[in-house]
Amino acid sequence: MGFKTLCFGLTLILFAYYIYTPLPENIEEPWKATLLENMGLIRYAEFFSMLLKLDHTVLISDENITVMDTKFTDIPVCLYLPKKKSESQRRAVIFIHGGAFVMGSCRQTAYDFLNRWTANKLGAVVVGIDYRLAPQYQFPVPLEDVISVVRFFLQDNILAKYGVDPSRICISGDSSGGTLAAKVTQLVQNDPEFKNKIKAQVLIYPGLQVVDVLMPSYRQNEHGPILSRDMAIKMGCLYLTKDKALPQAVRENQHMPHGSRHLFKLVNWSTLLPEKYRRNHIYTEPIIGKLNSSYPVLLGSRLSPLLVTDSQLEKLPLTYIITCEHDILRDDGLVYVSRLRNAAVNVSHDHIEDGIHGALFFMTTPFYLRVGIRISDKYINWLEENL
């Protein structure tokens with residue numbers, strides 16, 4: 001059975017579970033977003049993970065791009081190499097896919113489409129990383145996988161092998177891939193061996209902190225669309241543990257351990273979020289020390305890239321961040337924009353007023369959304385002009 005036929009059948013099943021939920025008026029093609037949102041009725045995470053596995057595409061070269069299924073340091077990668085000869089060294093993009101750390105692959109149709117398009121439009125070498133996923137491989141394994149691939153690729157002999165200009169490399173990612181991209185970029189910029197090899201980073205609706213899950217965007221988009229607050233908490237906690245006590249504490253914003261209050265200023269939306277996004281929300285600090293289990297990882301920037309100091313931010317390269325209005329992670333990106341600008345980092349920002357979380361994934365059938373194409377256009381156009 002062909003994949004399109006299978007998707008059609010699955011879509012019909014989903015329609016049987018369709019229940020109308022009001023959505024913001026400016027969301028493009030709202031019936032599709034509502035349908036996707038209500039997949040929560042049939043165990044969203046499990047069902048969507050199964051669907052994503054069915055969506056893995058066969059990596060096939062075309063007339064413009066040679067596509068290779070290979071490994072860097074034993075980590076699977078999808079490598080996209082332009083066939084057209086270049087008189088100069090090529091740009092390179094390292095792309096890290098999203099999926100809340102528990103699902104997704106660079107072999108999915110949408111990501112293959114995006115990376116192939118990037119390679120073709122920019123004449124760039126593109127590396128898609130298939131890092132290991134939670135809950136089987138919990139933090140810090142996915143992060144370490146990505147770091148391993150990035151450091152391998154940045155070696156002079158590897159860059160030379162693929163004809164890459166060592167001064168024109170970008171690390172990018174969407175959603176949880178944006179989390180990993182932000183952290184890896186921070187780490188690389190502090191590594192004397194590689195710090196001058198990353199020219200830019202691109203973060204597309206990234207999650208950047210787990211300190212405060214009651215930012216205005218978490219409240220406004222509590223029920224989605226696409227990614228609800230509860231589902232984000234459940235999947236995010238699976239990245240750390242299977243202990244059910246953690247997600248319960250996170251829901252109440254009572255998960256931060258003793259000794260963490262000094263970190264709150266780094267994510268304090270009441271001072272870092274632009275006024276238009278604060279609206280009438282009142283800031284309250286996360287409650288400390290209520291969780292019996294100890295999770296010291298919650299104190300670190302390896303999990304929450306926003307927890308680095310301003311002096312560490314100053315070292316970061318040219319940055320492009322895309323945020324979406326109808327997304328619980330909106331304020332993570334907006335706060336990072338503010339902090340980067342305060343640290344005098346050259347940062348560009350696009351806010352998609354009708355955007356939803358995960359829009360890039362919906363660039364192909366059966367759930368094609370035009371906003372996904374618009375975001376991918378912005379992403380590639382920015383790379384073409386700045387990388």
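Modeller: Begin with pairing: two strands pair if DSSP finds at least two bridges between them. Keep in mind that this is a predicted model.

Colleague: In what order do the eight strands of the open sheet lie?

Modeller: The order is S1-S2-S4-S3-S5-S6-S7-S8, with mixed pairing. Strand S1 (65-72) and strand S8 (347-356) each have a single partner strand, so one side of each has no neighbour in the sheet. On average, neighbouring strands here are turned by 20° against each other, direction ignored.

Colleague: In which sense do S2 and S4 pair?

Modeller: Strand S2 (residues 75-82) and strand S4 (residues 125-129) are antiparallel, and four bridges link them. In one of the bridges, Tyr80 has Val126 in S4 as its partner.

Colleague: Which strands does helix H14 lie across?

Modeller: Helix H14 (residues 330-342) lies across strand S6 (200-204), strand S7 (318-326) and S8. Its direction is at about 145° to S7.

Colleague: Now a single residue. Is Asp145 buried or exposed?

Modeller: The general idea is a cut-off: buried means under 20% relative accessible area. Asp145 has 3%, so Asp145 counts as buried. This residue is found in helix H5 (residues 141-153).

Colleague: Which residues is Asp145 in contact with, leaving aside its neighbours within four places in sequence?

Modeller: They are Ile75, Tyr131 and Arg132. With Arg132, the side chain of Asp145 also makes a polar contact of 2.8 Å.

Conventions
Residues numbered from 1 in each chain as written. Predicted model: local features only at pLDDT ≥ 70, side-chain atom pairs only at ≥ 80, totals over all residues. Heavy atoms only, no water. Helix = DSSP H or I, 4+ residues; strand = E, 2+ residues; numbered from the N terminus. Buried < 20%, exposed > 50% of the residue type's maximum accessible area, 1.4 Å probe, protein only. Polar contact = N/O pair within 3.5 Å; in protein donor to acceptor, adjacent residues only side chain to side chain. Contact = heavy atoms within 4.5 Å. Axes fitted to C-alpha atoms, helices over the stretch in contact; angles between N-to-C directions.
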